[in-house]
Each structure stands twice: as structure tokens, then as C-alpha cells.
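Me: I would like to learn how to read a structure like this one. Please take the features one at a time.

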Amino acid sequence: MIALDPAANRPQFINVRVKRQDGPGQEPYWQLFKIDYEPELNVITVLQRIAALSKTSDGKKVTPVVWDCGCLEEVCGACTMQINGRVRQSCSALVDTLLKDNADELVLEPMSKFPVLRDLMVDRRRLFKALEKVKAWVPVDSYYNMGPGERQLRAAQEQNYPLSQCMSCGCCVDACPQYNKIELERKKDETDEEFAKREQEAWDKGFVGPHAISQAMLFNNHPTGKSIAGERLDALTAPGGIQACGNAQNCVAVCPKEIPLTTSIARAGRATTIHTIKKWFEK
Ligand code: SF4
Ligand code: SF4
Ligand code: FES
């Protein structure tokens with residue numbers, strides 16, 4: 001049990017259990033750290049305190065725990081990890097709130113669906129490759145001034161704005177039962193190009209993920225973005241596309257930006273069905 005400072009009725013220290021891994025493909029192991037309690041800490045600050053100590057709770061000197069972060073204000077998504085069993089951003093995870101749920105310890109693990117690079121830092125390239133697959137961008141329509149673009153109706157703006165808040169953090173895919181971890185091992189004598197090709201093929205076969213489906217719907221509803229709507233729907237009907245979604249709705253429950261992912265998935269389902277029927281008649 002955690003020791004309480006009787007005068008202030010608050011913990012004297014915080015136990016932090018971290019799942020560590022020394023490199024890609026290596027066996028993970030657990031280490032326990034103990035840091036002094038301070039009010040209003042977030043999990044990133046806890047990791048900074050642990051890095052400064054670099055000592056486990058039983059006094060053993062260890063290498064600093066590795067993690068990733070960027071903005072420190074829940075915008076970049078880089079600091080995403082499993083905290084007490086739930087995937088979320090470590091910069092916005094407040095220790096006082098976490099201790100209310102589990103006063104004994106904080107448990108930090110890397111995301112479960114991406115290959116671990118070291119400790120809490122994972123390789124999220126597949127997440128961004130999925131955005132490339134569905135062409136999640138507005139194509140350039142020219143390089144000279146063509147005057148103001150098409151006006152967007154208020155209803156379209158209201159539909160698009162929530163989807164535009166996606167920060168590619170990966171919480172949704174980490175919680176999705178249909179999104180399986182892909183971690184390839186380099187073959188003996190395989191060149192960089194051969195390995196990259198094999199990796200891309202594996203990603204293409206795997207589920208594209210709810211974030212990519214939602215971004216495809218965002219750009220298909222944009223006045224300029226919709227010019228390549230058919231290409232996005234082709235990507236969503238290819239292997240690993242929308243048909244892989246089992247409608248478990250875990251994604252929407254964990255999205256920190258509260259993006260209506262299941263609404264996007266339902267819209268994508270209807271759009272891909274119409275797109276496929278149209279293509280039959282065009283044959
Ligand atoms: S609704 Fe689809 S994308 Fe979302 S968690 Fe379920 S299977 Fe995954
Ligand atoms: S949809 Fe939500 S959970 Fe998924 S990547 Fe975007 S912000 Fe993160
Ligand atoms: S550091 Fe950018 S979201 Fe946490």
C-alpha cells in the first residue's frame with residue numbers, strides 16, 4: 001500500500017511500474033520506480049523525474065526510461081501510451097486523477113499495436129501510411145490564383161470540424177480488435193528496399209484503421225478534396241479497407257478528441273456501397 005502523509009492526507013511517494021524493452025523484438029520486462037509525490041503532476045513529469053533518478057525502487061542504477069513527446073498539450077499525439085491499462089496521452093494524464101482510481105501505483109506500458117522501438121516509444125509509421133493510402137489531403141488544383149474557392153455550407157463545416165481535430169495519436173487503432181500488430185523481422189541479406197516493400201505489403205493487407213476511414217470522409221466532404229473522392233473510396237474497398245471493421249465501437253470510446261468515428265464509418269459504408277454499385281454499371 002502507498003504511504004500517506006498523515007498531516008496532508010496525501011501520498012508521500014508514487015510507485016510507478018514501467019514495462020521496459022531494450023530494443024525492437026526483444027523481451028519486455030517490468031521495473032518499479034518510486035518518486036516523491038508532488039501535487040498536479042502529469043505522467044510526462046513523472047517520466048522526467050524517473051529519468052533524473054535512473055534508479056529503481058530498490059536502488060538499482062538503470063538506464064533512463066525512453067518515451068516520445070512533442071507538444072505537451074495533447075496536439076501532436078506522440079506521447080500516447082497505455083496508462084493503467086487505458087491508451088491515452090501522457091501529457092494530459094494527471095497523476096492526482098489516476099491515483100484516485102488506483103492509489104497503489106501508476107502502470108505505464110507502450111501502445112499494444114505498434115512495434116516497440118525502446119521502452120515506451122513505438123514505431124507509428126503504419127498509422128501515417130494508412131493516411132497516405134486513403135489520400136487524406138486536399139489535392140493542389142493549380143499553381144496560379146483562381147480566386148476564392150467554393151463556399152462551404154454551414155452544415156458541411158459543422159460535420160467536418162470535429163473530424164479535422166484528429167491528431168493521428170493512434171488510440172483508436174490501439175483499442176480496435178480488428179487492428180492487429182504487424183512487426184516484421186529483417187531477413188538475412190535483405191536490402192533496405194526489399195524490407196520496406198515487404199513491410200508496405202503487410203501494412204496494405206492489414207486494416208487501415210478508423211482514423212484513416214474518418215479522414216477519408218473529411219476530405220471527401222471538402223470542396224476541393226472531393227475531386228479525388230473516388231480514389232479514396234477505392235482505397236476503402238481494397239483489402240484492409242472498411243469491410244475489416246467489425247463495428248465493436250472501441251475506437252470511438254477511447255478517442256481523446258471525441259471524434260464521431262462510428263458515424264464516419266457508417267458514412268464510409270454507405271459511400272463505398274454506392275461507389276461499388278456505380279462502378280458495376282460503368283463496366
Ligand atoms: S468500430 Fe470498427 S474501427 Fe472501431 S473499434 Fe470497432 S472494429 Fe475497430
Ligand atoms: S481518431 Fe481520435 S483516437 Fe484516432 S488517431 Fe485521431 S485523434 Fe487519435
Ligand atoms: S506531447 Fe503532444 S500530445 Fe502529448
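Me: Which residue stands opposite Leu-108 in strand 7?

Reply: Strands of a sheet pair through backbone hydrogen bonds, either parallel or antiparallel. Strands (E, at least two residues) and helices (H or I, at least four residues) are DSSP runs, numbered from the N terminus. Two strands pair if DSSP finds at least two bridges between them. Here Val-18 is the residue opposite Leu-108 in strand 7. Strand 3 (residues 13–20) and strand 7 (residues 106–109) run parallel and are joined by three bridges.

Me: Where do these numbers come from?

Reply: This is a predicted model, in which local features need pLDDT of at least 70 and side-chain atom pairs count only at pLDDT 80 or more, while totals for chains, interfaces and linings use all residues. Residues are numbered from 1 along each chain as its sequence is written, and chains are lettered from A and ligands numbered from 1 in the order in which they are written.

Me: What is the order of the strands in the open sheet?

Reply: The order of its five strands is 4-3-7-5-6, and the pairing is mixed. Strand 4 (29–36) and strand 6 (86–89) are at the edges with a single partner strand each, so one side of each has no neighbour in the sheet. From one strand to the next, the twist averages 30°; angles run from 0 to 180 degrees between N-to-C directions, and axes are lines fitted to C-alpha atoms, for helices over the stretch in contact.

Me: Which helix packs on the sheet?

Reply: Contact means that the C-beta atoms of two residues, placed from the backbone, lie within 7 Å. Helix 1 (residues 43–53) touches strand 3, strand 4, strand 5 (80–83) and strand 7, and its direction makes about 95° with that of strand 4.

Me: Is Val-208 buried or exposed?

Reply: A residue is buried if 20 or more other C-beta atoms lie within 10 Å of its own, exposed if 12 or fewer, and partly exposed in between, with C-beta atoms placed from the backbone. Val-208 has 28 other C-beta atoms within 10 Å, so Val-208 is buried. Its place is in the loop between helix 6 (192–205) and helix 7. Leaving out residues up to four places away in sequence, Val-208 touches Ala-130, Lys-133, Val-134, Ile-213, Gly-240 and Gly-241.

Me: How far apart are the C-alpha centres of domain 1 and domain 2?

Reply: Domain bounds come from an automatic or database domain assignment. That assignment gives domain 1 (4–118) and domain 2 (124–282), and their C-alpha centres lie 31 Å apart. The contact takes 14 residues from domain 1 and 16 residues from domain 2.
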